[in-house]
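Colleague: Could you show me how to read the packing of helices and side chains in a model, taking one feature at a time?

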Amino acid sequence: MVELQESVVVITGAASGMGEAMAHRFAAEGANVVAVDIDTESVDDVVAAVGENAISVHADISDADSTDAVVETAVDEFGTVDVLCNNAGVLDDFTPVGETSDELWDGVLGVNLDGPFYLTRAALPELQSGDDEGVVINTASVAGKAGDGGGAAYTTSKHGLIGLTKNLTTMYAPDIRANAICPGAVKTGMTEGMDDQLNALAADTPAKEPADPEEIASVAAFLASDDASFIHGAAINVDGGMLSDI
């Protein structure tokens, strides 16, 4: 993907799982990577493995000031932001409404929905400043299209993230191309220790197995490339067929 060479890609949740895989994939395509995570040590390790065209930024994306600082760092280091991957997310252990505390609700929506909003808002001037369209890729979930993919907070946050994606398209295309990825069962750091649950979930899908993080990263790289130039406002299932009957 020649067009990704020397582009500047900001990736949240880059310390592990899908975000780590995205960092490696975009760097392999020649992009400059800004790897963002609240886990300082782990994201530093990822950047060390990715190589010299990557930097780490330690940030709590649920805080607007922190997201402003992420964009400032990217611009100071690489000059702009071309691609924003809002990938960071947290789970809620399938907690139903009646058992969801204010703290759990605020914590999940803070990372999964407020964070992408804050960071996209902060990056908008840079995403709109280049000759080519800026790209926003939001990691949503099958839970953003169904009611049983998580608890109340997680499901709500992912539905909201798909809505944010569509609104960005309506308001800012063609200057910005925004799309969402909706993974199903994926082997990531968040699902560590949940092998039995993950395999049981995947067993009910046509693919019969969970995805590797690299399979999600490949879709992100495609959506950031010129090959996806006419894809706007999509929420693409990368779920092994989990939602094929909806």
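**Reading helix packing and side chains**

Colleague: Is the crossing of α1 and α2 left-handed or right-handed?

Modeller: The crossing of α1 and α2 is right-handed, where right-handed means that the near helix is turned clockwise from the far one by less than a right angle, and left-handed means anticlockwise. This is a predicted model, in which local features need pLDDT of at least 70 and side-chain atom pairs count only at pLDDT 80 or more, while totals for chains, interfaces and linings use all residues. Residues are numbered from 1 along each chain as its sequence is written, and side-chain values use heavy atoms, with hydrogens and water left out.

Colleague: At what angle do α1 and α2 pack?

Modeller: Two packed helices are described by the angle between their axes and the distance between the axes. Helix α1 (residues 17–28) and helix α2 (residues 40–50) pack at about 25°, with axes 10 Å apart, and they are therefore roughly parallel (angles under 35 degrees count as roughly parallel, over 145 as roughly antiparallel, 65 to 115 as roughly perpendicular and the rest as oblique).

Colleague: Which residues of α1 and α2 meet?

Modeller: From α1, Glu20, Ala23, His24 and Ala27 meet Val46, Ala49 and Val50 of α2, contact meaning heavy atoms within 4.5 Å. The residues of this contact divide into five nonpolar, one polar and one charged.

Colleague: How do α4 and α5 cross?

Modeller: The axes of helix α4 (residues 102–127) and α5 come within 8 Å and cross at roughly 15°, which makes α4 roughly parallel to α5. Their crossing is right-handed, and by class their contact has 14 nonpolar, five polar and one charged residues.

Colleague: Is Ser157 buried or exposed?

Modeller: Ser157, which lies in helix α5 (residues 152–172), has 0% relative accessibility and counts as buried (buried means under 20% relative accessible area, exposed over 50%, partly exposed in between, with a 1.4 Å probe and protein chains only). Leaving aside residues up to four places away in sequence, Ser157 touches Val108, Leu109, Asn112 and Leu113, and Phe117 is among the α4 residues that meet α5. Phe117 itself is partly exposed, with a relative accessible area of 37%.

Colleague: How many aromatic pairs does a search of the whole structure find?

Modeller: The search finds one aromatic pair. The ring centres of Phe117 and Tyr118 are 5.6 Å apart and their planes lie at 50°, so the pair is tilted (rings of Phe, Tyr and Trp, its six-membered ring, pair if their centres lie within 6.5 Å; planes under 30 degrees apart count as stacked, over 60 as edge-to-face and the rest as tilted).

Definitions and conventions. Axes fitted to C-alpha atoms, helices over the stretch in contact; angles between N-to-C directions. Helix = DSSP H or I, 4+ residues; strand = E, 2+ residues; numbered from the N terminus. Nonpolar A, V, L, I, M, F, W, Y, C, P; charged D, E, K, R; others polar.
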